[in-house]
Amino acid sequence: MTIRFDGQVALVTGAGAGLGRAYAIDLAQRGARVVVNDLGGNPFGEGEDRAPAQKVADEIKAMGGEAVANFDSVSSYDGGFNMVKTAIDTFGRLDVVICNAGILRDVAFHNMSEADWDAIFAVHAKGAFTVLRAAWPVFRQQGYGRVVLTTSSSGIYGQFGQANYGAAKTAMLGLMNVLKQEGVKYNVNVNTLAPVAGTRLTATVMPQEMVEKLKPEHVVPVVVYMVSNQCSDSGMVIEAGAGNFNRAAIVKGKGLQPGLDSVKDAEWVQANWPAITSLEGAVPMWRSGQTLEAFLADRQQA
Ligand SMILES: NC(=O)c1ccc[n+]([C@@H]2O[C@H](COP(=O)([O-])OP(=O)(O)OC[C@H]3O[C@@H](n4cnc5c(N)ncnc54)[C@H](O)[C@@H]3O)[C@@H](O)[C@H]2O)c1
């Protein structure tokens, strides 16, 4: 079935370049009216420039689409509010938010400064909060919303030199896990993407040939599907790019349930370590309360 966004409004943060630009263009081609947000700084989060967001908004308009540029920083609470206000004032509603804006400050942990840590958390972690906090009441009121957060394989699995970035990107999983629950009643779905693409961000770490081959367009389809009306899933973490699409998940192992009749000691843990750490039969969870289900079931039987 063709996926269309006629009558819908999408806000894409960091849409002046790279992946965000590609999402904005594809959504506009499918009928969405788009708020193209970008602060326009350098890949390390320094400076500002209105040109990238304006250029993408103009590009969309030149193709016959509808777009408006916004130049606020996602790390500002007022900025997040203003992006949502821009969507409402210009187009009258907001259906889709893609939290995509990002920067890097890679450095081995023993050399990482407080500024490197704070800058990364301001853009990635607080940057998702500010925009979604402003969008959430709109979604609740209209009983509809689609969100994609952007994590990274660095956050899911780890990458040397990215303690700040990896930690902030893992925060996206925590945010999604709560918002997927709070959104259920209002038909607000929240999924998370871990992309791989050649952009100016990855040009700082990838060879040029790879940057040219790994086009953002190979990531776009999964994001567009996840923010569409046709996708009813929430709480998915999807890796996409470099010719690959797959789900990633935090899973809970079966472990051991010795009960509470006797307190175990470290030697018991040592003896049972293989069973405690086994991932055989591990499953994803929907909410943290499920981790107490075995205990609560036992209590009910007693
Ligand atoms: N490219 C990859 O392989 C890859 C891998 C994992 C995760 N990511 C993530 O994907 C997202 C997009 O990255 P990209 O590779 O397209 O990089 P990019 O540098 O091409 O695009 C990021 C955009 O975000 C904008 N931005 C930065 N700080 C901002 C702020 N405070 N407010 C508003 N806009 C801001 C930048 O100006 C830039 O245009 C980022 O969150 C990045 O961490 C990318």
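Arg-4 and Asp-6 join their side chains in a salt bridge, 2.8 Å from N to O. The term salt bridge covers a side-chain nitrogen of Lys or Arg within 4 Å of a carboxyl oxygen of Asp or Glu. The model is predicted, so local features need pLDDT of at least 70 and side-chain atom pairs count only at pLDDT 80 or more, while totals for chains, interfaces and linings use all residues. Residues are numbered from 1 along each chain as its sequence is written, and side-chain values use heavy atoms, with hydrogens and water left out.

By the salt-bridge rule, the count is 6. Opposite charges on side chains can pair when the charged atoms come close. Arg-4 is partly exposed because its relative accessibility is 40%. Asp-6 is exposed because its relative accessible area is 51%. The cut-offs are under 20% relative accessible area for buried, over 50% for exposed, and partly exposed in between (1.4 Å probe, protein chains only).

Next come Arg-21 and Glu-59. Their side chains form a salt bridge at 2.6 Å, N to O. This pair links distant parts of the chain: Arg-21 sits in helix 1 (residues 18-29), Glu-59 in helix 2 (residues 51-62), and they are 38 residues apart. Helices here are DSSP runs (H or I, at least four residues), numbered from the N terminus. Arg-21 is partly exposed at 29% relative accessible area. Glu-59 is partly exposed at 26%.

Arg-30 pairs with Asp-26 in another salt bridge, with 2.7 Å between the closest N and O atoms. Arg-30 is partly exposed, at 28% relative accessibility. Asp-26 is buried, at 19% relative accessible area.

Now turn to the ligand. It is surrounded by 31 residues, and the closest are Asp-38, Asn-100, Tyr-165, Ala-197 and Thr-199. A residue counts as near if one of its heavy atoms lies within 4 Å of the molecule. Asp-38 places a polar side-chain atom 2.5 Å from a ligand oxygen atom. Ala-197 uses a backbone N or O atom, 2.8 Å from an oxygen atom of the ligand. Arg-200 has a polar side-chain atom 2.9 Å from a ligand oxygen atom. Taken alone, the ligand exposes 830 Å², and the protein buries 97% of that. Accessible areas come from the Shrake-Rupley method with a 1.4 Å probe; for residues, only the protein chains shown count as cover.

Note on methods:
Helices (H or I, at least four residues) and strands (E, at least two) are DSSP runs, numbered from the N terminus. A polar contact is a pair of N or O atoms within 3.5 Å; within protein, one must be able to donate a hydrogen and the other to accept it, and residues adjacent in sequence count only if both atoms are side-chain atoms.
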